[in-house]
Each structure stands twice: as structure tokens, then as C-alpha cells.
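Here is a short briefing on pockets and on one residue beside them. Please have a look at the structure first, then read on.

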Amino acid sequence: MSKKPTLAVVGATGAVGTVMLDILSTREDVWGEIRLVASARSAGKKLIVRGEEVEVIALTPEVFDGVDVAMFDVPDEVSAEWAPIAAARGAVAVDNSGAFRMDDDVPLVVPEVNADQARNRPRGIISNPNCTTLSMIVALGALHREYELKELVVASYQAASGAGQEGIDTLREELAKVAASPDSGTRPGDLRGLVSDGGPFPAPLAMNVVPWAGSVRDGGWSSEELKVRNESRKILGIPDLRVSATCVRVPVVTTHSLAVHATFAREVEQADAQKLLSEAAGVVLVDNPLAAEFPTPNDVVGTDPTWVGRVRKSLDDPNSLDLFLCGDNLRKGAALNTAQIAEVVAVEF
């Protein structure tokens, strides 16, 4: 029997890294040694993975010696520096940051959609998509295979955790402040006065929605909106896919949601689309509006699939569908997809 491959988890002490350790402890165990890696200030901490206590080691080039797969759950600038080092030391780097997503020599992989691309990695790096894209692309990939996707109009409803731990802390602090002020949210701009520091958000998030996520790009678009467009094109292999996205922050801790209008090359019947989605890998269909059965972020948080509901044939275009999707942005939207990519690579060893 061959030896199981060695895995390194870089960023093991972060928000996504913590979820990753839980995932590694609950999925089928395909790994031999698991090395937990973080910054020097976190070195020496002991974390539980697969029911065992493992000591965190500091990030150095030597930690990748003998490693077969290295998963990176760190900021872009850290991945940009260290993923190539891991690859040069012989590891396949699976990166959850945005550092390499649009690099032509780095595949952008969602195993349910394009697992075959994981084998084509000239730089020794595989990239994980943005959490917003991931929350919808598993379902859309299944529909694309059957009906040939032509256009997407997307409105996202993104959780505070998409902005990291600071986003979660900011939302909770704001909720406490507005709860202590019974009349808050009833006068123009009163939340801005009550919540003086919005943290990573450009406006108060508690009792509000903020039509912005990411950084400013040309034409008034945000970086998050362009990620949905560019990453969907790359994952699905449709370089001219028409995509328009509006990304909105909502006062939800974890789990992104999206309202999607998808247009295909041929007519799509509601019942056929529902059946296809109910059978698709990584998708759960909950779609009975008469019984108030449809996914919400609170129903979905902590779970792995993309949940889909409100599937409707467009009233004005027989080739279009409207649907609502939810996905936990820290699990499938980050840690789980990275783990799945790593598992695809693990079978090579």
C-alpha cells in the first residue's frame, strides 16, 4: 500500500483555517502527515485536527520539504510570496487567496464543475475562486452543461464574514449599539451617527444593507463584482459570457446569498431545471414557495452544499431562469472547495 500524501495547511490559525481543520477532521481521511503552518507569532500553538493535538510551526521555506500538497488560507500578499516557494520545493500549492485567480498559467477550479483543470498547472499552483462566485457556480455549472449558459445578471447578498473577522466583530458591535437605541433606523442617517466606525464597511451594516463590497474599479464597479464576472468566465470556459453583478453587504454573520437571472442557448422548463438541480453534485434544492420552503442564510450556515430555491422560468424570455442561491462562504466558499481541490490532487500520489 502506498504512503498517504503529506499536507501542509498554511494559515491554520485564521478564520478559514479554523474551518479547514474541522473539514479535515470530518471528511474521508486521505492524508498522512498534516503540518499546521502560520506566522511566527502563532508558532507553538496547539490545535486539534483529526482528533489529535498538532503544534503549529512557523512559515519558512523548509516547512514545505517533503510536502505533497500545501493549502494556503492567507492574505493575497502572503500567498503571492509563499505559494511559488512551496511549488519550487515540490508541493502542489492550492491557494484560497485572490493572488493567482486570473493568472493564465493557474487553473481556477471547482471540483464539481471543472476538476479536470486541476491537472493542468504549469506553475504548480491551483487557485480557489472567490466565495461569492463559489456560492453560485456549482448550481450554474450543472445548468450550463445541459442548457449552455449565455448571460448572467446577479445580485449578491453578502455576509459580514466575507470581510473577515473584522467584519463579524463590526456587525456584532453595531447590533449591540442599535439594540440599545430603540428608535434607531427610523430617521435619515441616524445609524451613521450611532455607529461612528463602520470598520470594513462604508456604511452601517446593522439594520441596513450596503450596496458595496470590495474596492473601487473603473466605471464605478467594485472588485467583488468584477470577480463574479471574470471568475465565472474562467471556471465555465466561456470567455465571452455576459455578466452583470451588483454586490451588496447584508447584516448576516455567515453565508452569502444570490439572486440570479440566467439566460441559456435554448428554452428551459422550470420542472426540468428543478430536476437537474436536485440531482446535481454539491447542490440541494429546496423549492416549495407555497409551503414557505426555500433556502435562507440561517438555514444554510455551517453546511457544505449550494442550496437553491425560487426556481422560476422567466416571464419574458423562455430561455431564462430566475433562482435564489445560498452558500456558506467560509465552507464551500473557501475552506471546503480548497480541501476538495487538494483531494483531487492527492490521488496522484
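Contact here means heavy atoms within 4.5 Å. This is a predicted model, in which local features need pLDDT of at least 70, side-chain atom pairs count only at pLDDT 80 or more, and totals for chains, interfaces and linings use all residues. Residues are numbered from 1 along each chain as its sequence is written, and side-chain values use heavy atoms, with hydrogens and water left out.

**Arginine 101**
- Arginine 101 sits in the loop between β7 (92-95) and α3 (111-114); helices (H or I, at least four residues) and strands (E, at least two) are DSSP runs, numbered from the N terminus.
- With a relative accessible area of 7%, arginine 101 is buried (under 20% relative accessible area, with a 1.4 Å probe and protein chains only).
- Leaving out residues up to four places away in sequence, arginine 101 touches Asn96, Val106, Leu108, Ser127, Asn128, Pro129, Asn130, Lys227, Glu231 and Lys234.

**Second largest pocket**
- A pocket is an open set of points on a 1 Å grid over the protein atoms alone where a 1.4 Å probe fits, with protein on both sides within 12 Å along at least five of seven lines; lining residues have an atom within 4 Å of a point.
- Arg101 belongs to the lining of the second largest pocket, as do Lys227 and Glu231, among others.
- α7 provides the largest share of this lining, 5 residues.

**Largest pocket**
- The largest pocket is lined by 49 residues, and Val16, Val74, Pro75, Gly162 and Gly164 lie nearest its centre.
- α1 gives the most to the lining of the largest pocket, with 4 residues.

Note on methods:
Buried means under 20% relative accessible area, exposed over 50%, partly exposed in between (1.4 Å probe, protein chains only).
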